[in-house]
Each structure stands twice: as structure tokens, then as C-alpha cells.
Amino acid sequence: MQAKASNVSTDAHAKIEMALLLKMLPDVQNLIALQQADREILRLKEEIAALPKRVAAIEERLAGTRTVLEKAKTAVKADEAARRKYESAIQGEQQKISKYRDQSLAVKTNEQYKALLHEIQFAEQDIRANEDKILELMVNAEIREKDVKAAEAELKAETAEIEKEKVEARRRTAEDEQQLAEWNAKREKARAGVDADLLPQYDRVAKYRGTGLSEARDHKCLACQVMLRPQTYNEVRAGTHVVVCESCQRILYYDPANDEVADPVVVARRRRAHPKFESSQAWYYRASFENHGEVFLVYINSKGMSSRHVYDGSSGRGVGDILVREGEYRLAFPEDFTDDAIRLNGSWGESELEEWGNELPTATLDALHRDLDLARVESRTRSHAKSGAVASEHPAAS
Ligand SMILES: [Zn+2]
């Protein structure tokens, strides 16, 4: 019945894909829409909840910086108070000294005089000690000043940042709320399109497992990774009625578009553009070339002349000299086009080619290898089709 597309044109292929898609039950299509809506709603709700937390985290950092600033300011004040204390101590000692000097004028004995001199010396020592402490505070004050300034600058920057974050959070929240409303509407619409008996099954499984729907691909339930029985898998693919995964109870669906993506042949067919034969630049691969092994060759046609560069297939380094001959490249270098020559896609600017000089850049080399891989897959499929191998048969038939 379904001739799966492996040797049909892209157009026909798209038609078959549509036909397969149309076989998907409306219930299942709505469930897919519902699951997508549920996922988006969850994501948006989480994002909306996370935004104030981000602002709160910055606010916390801001509070931390404020504390640092307060501490720095308190330290400055404590230093100032200490300095005043030392200064008044000095004053006190100076008063004592002048009092002793007055007394010394009135002393009667040498003993008394010596005792007063001693007192004066003590007071002078005390003054010097206090002066040292004041000097120390003055040195410290410079550091303290820097601390205060740094904390103030940080606070200013953080305050600006939090303002910006708040504006951004408000904007994002409004945007998310709007999207949330849209997804809620889509969700309601999708739910309305699902059979009333099927909806509780989806809801129940979604509640316990996070999702209520799973894709069946490659004979497996993608959500729980359990292999499906062949009959179950075929039923899902046929899309005639709703099938549930026996292992995880999720409702199963089959998406032919996804299944084909996993098929390298289809990937090659879809993605590989075919090289144009009439182009000014043509790339080729040859598995062996003049005793050299794998090479990439590029022919450049210009004004009735052709030039040929040859590069080593693995290192990308130039091989031999650049040859220039008269005429279109296929006529100018007929000996190059043996059966094993594979035409590749590739078109780089002339200036780029000049820039590379005698070595292909890695990116170019990678691109050529990728195209070579695809070209090989493609040629294998073609020879399969020619030899009548049943590569195109529907897997369900086996
Ligand atoms: Zn499952």
C-alpha cells in the first residue's frame, strides 16, 4: 500500500508524507497540540516565578554591600573618636606639665625639684605615645577612606543594575503573561478537540509522569524507551485508533516526518543539492590520483581556459602544480574523469581560493568530506534501486 519514498522525486515524496500525516487521528493531533501547550504553560509559569527570585538575589547582594559600607563608615567614626580621646589626653598632660613648672619655682629642696622633673618627663613620654597613636590613625584613615569610596561606588553600580533588572523583569513578566494567556486559549481549544473519554487518560498519566503522550519511533515508546510489540507498533503507525503504551500508559502517536529524519538515505536525498554541471567551479573527489591516493580536485573555468588544483584528501595540502589548459575543464582534462571520480558540491569565491594558497582550510576540507559522505549514500541508494532491491518497502510489511 504505502510505497515509502526512497526512489521517487521530492514532490511525490512530499505528497506521500502528507498522506501519511493525514492518517494521524484528529484526537492525536489535538493531543500533540495539547501537550505542546501544557509544556509551554509550564515553562512560562516557571519563568514568571523565577523572575522575582532573580531580583531578590540582587537585592540581597545590595544589602550585603550596604552592610560593608556601614561598617566602613562606623570604622571611620571610631577612629575619629579615638583621635579626639588622644588629643584631649595630650592636652591634659600639657596642663600637668605647666602646673609642675609653676610648682618647681616654689620648691625648697633639691629632692622635691628632682621629683617634679620626673613627673614632667613622664608626662612628656605620655604625650609622645599619644602622638604616635594619632599618626597611626592618620595613616589608617587613608585606607578607611578608600574602603568607604569603594563600597559607595559598588552600591551605586548595584543600585543601577537592580533598577535595570526590575524594569527587565517587569517587561518579561508582562510578555510571559500575554504568551501564557495565548497558550491557555490554545490549550482549551486542543482539549475541546479530544474525545471526552480519552482526555482523562491523558490527564491522569500527565499528572504522574509529566507527559501523557509519547511518540512511537523505531519500534520504541520514546518516553519510556520500552520496545513495543510489533502489532502495537503497526497499529500506532496505521493510525486507525488510539493506542496506549503498555509500559507507561502514555497515548502513542507516530510521526512519519520524524521517522524519516533518522533514515540517512532520506537525509541525503533531502539535504544534498545536486551540483550543477555548467558552473565556473567544479569540485571532484578521486579515491586515487597519479600514485597519490585520495584527492580533491577543483576546476575553474574562466574565459575559455580551465585551471586545475589538486589537494590531498586528508591533509588538504596542495598536490603537484596548478595546471592551466585551453577549453572547458571536461574537455581540457579528459584523463581525469575516470569512473571513480565523484562530483561534489562546492563553490568558493576566487579570492578565497587564492587566499588558501596551497592548502585547503579545515572548514572547507570538512565540507567536502561531508558532501562526499552524502554523495556515497546517494549513489548506494541509486544502485540499490537499479538492481531492484526492495529498499523502498514499507517496514510494516516485513
Ligand atoms: Zn511508554
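Predicted model: local features only at pLDDT ≥ 70, side-chain atom pairs only at ≥ 80, totals over all residues.
For reference, the ideal angle for four tetrahedral donors at a metal is 109.5 degrees. Two of the donor residues were examined for solvent accessibility. Cys221 has a relative accessible area of 0% and is therefore buried. Cys224 reaches 23% relative accessibility, so Cys224 counts as partly exposed, given that the term buried is kept for values under 20%.

Lys220 belongs to strand E2. With a relative accessible area of 25%, Lys220 is likewise partly exposed. Lys220 and Tyr233 are 13 residues apart along the chain, and their C-alpha atoms are separated by 7.9 Å.

A positive phi is also found at Lys303, again a residue other than glycine, where the value is near 50°. Lys303 is placed in the loop between strand E6, residues 295–302, and strand E7, residues 305–312. The relative accessibility of Lys303 is 83%, and Lys303 therefore counts as exposed.

The helical part of the description concerns H2 and H3. Two packed helices are described by the angle between their axes and the distance between the axes. Helix H2 spans residues 26–105 and helix H3 spans residues 110–192; their axes come within 5 Å and cross at roughly 165°. H2 is therefore roughly antiparallel to H3, since angles over 145 degrees fall in that class. The crossing of the two helices, H2 and H3, is left-handed. Sorted by residue type, the contact of H2 with H3 comprises 37 nonpolar, 12 polar and 33 charged residues.

Individual positions in both helices were also considered. Lys99 is located in helix H2. At 45% relative accessibility, Lys99 counts as partly exposed. The sequence separation of Lys99 and Ile120 is 21 residues, and the C-alpha to C-alpha distance of this pair is 9.4 Å. Arg170 is part of helix H3. The relative accessible area of Arg170 is 56%, so Arg170 is classed as exposed, the limit for this class being over 50%. Arg170 and Pro52 are separated by 118 residues in sequence, while the distance between their C-alpha atoms is 9.2 Å.

Notes:
Residues numbered from 1 in each chain as written. Heavy atoms only, no water. Buried < 20%, exposed > 50% of the residue type's maximum accessible area, 1.4 Å probe, protein only. Axes fitted to C-alpha atoms, helices over the stretch in contact; angles between N-to-C directions. Helix = DSSP H or I, 4+ residues; strand = E, 2+ residues; numbered from the N terminus. Parallel < 35°, antiparallel > 145°, perpendicular 65-115°, else oblique. Left-handed = near helix turned anticlockwise from the far one by under 90°. Nonpolar A, V, L, I, M, F, W, Y, C, P; charged D, E, K, R; others polar.
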